[in-house]
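Visitor: I have a model open and would like to learn how to read its features one by one. Could you walk me through it?

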Amino acid sequence: MIIWNTIFDFAENRRDISFNASGFNEIDNVIFSRLSYLDFKEHTGKTLKAVSESFVYTPEEELNKRNKNLVKTEDLLKLLGSTKRYASVVVTDFTESPEKSTTTAFSATVFKLTESTSYIAYRGTDEKIIGFYEDAELAYSFPIAAQLAALSYTNKILSEQSGIFIIGGHSKGGNLAMFSYIFTNEENKARIPTVYNNDGPGFPKDLVNILFTPQTAEKIINILPDSSIVGRMLEAGGKRVIIKSSAIGASQHNVFTWLINGEEFEKAEKFSALSEYMDSTLTESLDTVSQNGLQKAVKAIYDIAKQSGIYTLDDINKKNYIFILLAIIQAVKSTDNAGSEVGEIIKALAKSLLNSIDIKLLLNEFDFETIKALIEAKKKEDA
């Protein structure tokens, strides 16, 4: 079976196949999750064909100033509007909170796929590193305002519209979808056959065993690239699907890099060393850290990223891995953090990251100078 590189290829190759002929699948879910990053407030009640024809796209002279993935999402809208599969999908509702605070920002879009089935897409955080900071907020605050807003919106939509509703989202949007399903009433749950969490964070560990009953977990599908970072934050419940990506490291959070095989994503056998490091070190450390300490540690790590010249996922490259390592080591040695709870968190992260380095993997992904610098950094940490 042919392997297509992106969701663009899937949409193009399935353009003449309607949802009635071939049902909604995991790739369609990601496509609509990505579309939710666009502003549809002037387009409710329209088909995607009509939206694509009237949408105000980024002017050519502004393309280099805009978020690359937001521009690619606009291109995705243009393509979908020209296909039989997606052109007749109707945007039945759109909401976006006016707040700019990371604790209250919320947006969702409802797409009516057929007469009986709709998809609610909860917007996640974008490709800016501040988005990871927003996702981390879920680790030390529960529930957050965005989760409550998502639940309220879900209840509102299901009370106003008929049929069944598949729900999902990317990044924090995936967490909002899970939260909405878990806390909605039983009548609404019966109308939600599937919940997609596309590389989004989970929930605090002490809540997972309570929240994820066997019945609840059966409907939730977590789609994670093999080097997932955000998707392995906290504890996940439900089914897990590990997939391949054309990117490496944190850049795999970008759904445009997810590889496709036929009508599903290309599956991976296991998580990468980087993802396992995040799960074994960062997630497990949350059990012993106070909320205040965790909040400070998250800010410290966010500051490290900024000091390394990383503001978006596009800024991450091989050289930056070195800068990040050196910045972490410097933070560990800082007298401000020495002996503190925050310092211990950062120190544990640094040691685990350095110890997780797979030389064979590095030989495939990095040049000699990069490997040499990593080894030198490791020697300094061991000293």
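Guide: Gladly! Let us begin with a cut-off: a residue is called buried under 20% relative accessible area, exposed over 50%, and partly exposed in between. Keep in mind as we go that this is a predicted model.

Visitor: How does that cut-off apply to Lys267: which class does this residue fall into?

Guide: Lys267 has a relative accessibility of 32%, so it counts as partly exposed. Glu26, in contrast, counts as buried because its relative accessibility is 13%.

Visitor: What links Glu26 and Lys267?

Guide: A salt bridge joins Glu26 and Lys267, with the closest N and O atoms 3.1 Å apart. Glu26 belongs to helix H2, while Lys267 sits in the loop between strand S10 (264–265) and helix H12 (273–285), so the pair ties together parts that are 241 residues apart in sequence. Lys267 also meets the side chain of Glu264 in a salt bridge, at 3.8 Å from N to O. Glu264 is partly exposed, because its relative accessibility is 40%.

Visitor: How many salt bridges does the structure hold?

Guide: There are 13 salt bridges in the structure. One of them to look at next is formed by the side chains of Lys239 and Glu218, 3.2 Å from N to O. Lys239 is in strand S8 and Glu218 in helix H11 (residues 214–219), so this pair ties together parts that are 21 residues apart in sequence. Lys239 is partly exposed, with a relative accessible area of 39%, whereas Glu218 is exposed at 51%.

Visitor: Let us turn to the sheet. What order do its strands follow?

Guide: The general idea is that strands of a sheet pair through backbone hydrogen bonds, either parallel or antiparallel. Here seven strands make an open sheet in the order S2-S3-S4-S5-S6-S7-S8, and the pairing is mixed. S2 and strand S8 (239–243) stand at the edges with a single partner strand each, so one side of each has no neighbour in the sheet. From one strand to the next, the twist averages 15 degrees.

Visitor: In which sense do S5 and S6 pair?

Guide: Strand S5 (residues 164–170) and strand S6 (residues 195–198) pair in the parallel sense, over four bridges. Within this part of the sheet, Gly169 stands opposite Asn197 in S6. Helix H8 (residues 172–183) lies across strand S4 (117–122), S5, S6 and strand S7 (220–225), and runs at about 145 degrees to S5.

Visitor: Last topic: which residues have the most contacts inside the largest nonpolar core?

Guide: Phe32, Leu35, Leu48 and Phe111 do, in a core of 42 residues. Helices H1 (7–13), H2 (26–35), H3 (48–54) and H4 (68–81) and strands S2, S4, S7 and S8 each supply at least two residues of this core. A second, separate core of 29 residues includes Tyr153, Phe165, Phe179 and Val208.

Visitor: Which residues does Leu35 touch?

Guide: Beyond residues up to four places away in sequence, Leu35 touches Phe40, Leu48, Thr73, Leu76, Leu77, Leu80 and Phe111.

Technical notes: Residues are numbered from 1 along each chain as its sequence is written. This is a predicted model: local features need pLDDT of at least 70, side-chain atom pairs count only at pLDDT 80 or more; totals for chains, interfaces and linings use all residues. Side-chain values use heavy atoms; hydrogens and water are left out. Two strands pair if DSSP finds at least two bridges between them. Axes are lines fitted to C-alpha atoms, for helices over the stretch in contact, and angles run from 0 to 180 degrees between N-to-C directions. Contact means heavy atoms within 4.5 Å. A nonpolar core is a set of buried Ala, Val, Leu, Ile, Met, Phe, Trp, Tyr and Cys residues joined through side-chain atoms within 4.5 Å. Buried means under 20% relative accessible area, exposed over 50%, partly exposed in between (1.4 Å probe, protein chains only). A salt bridge is a side-chain nitrogen of Lys or Arg within 4 Å of a carboxyl oxygen of Asp or Glu.
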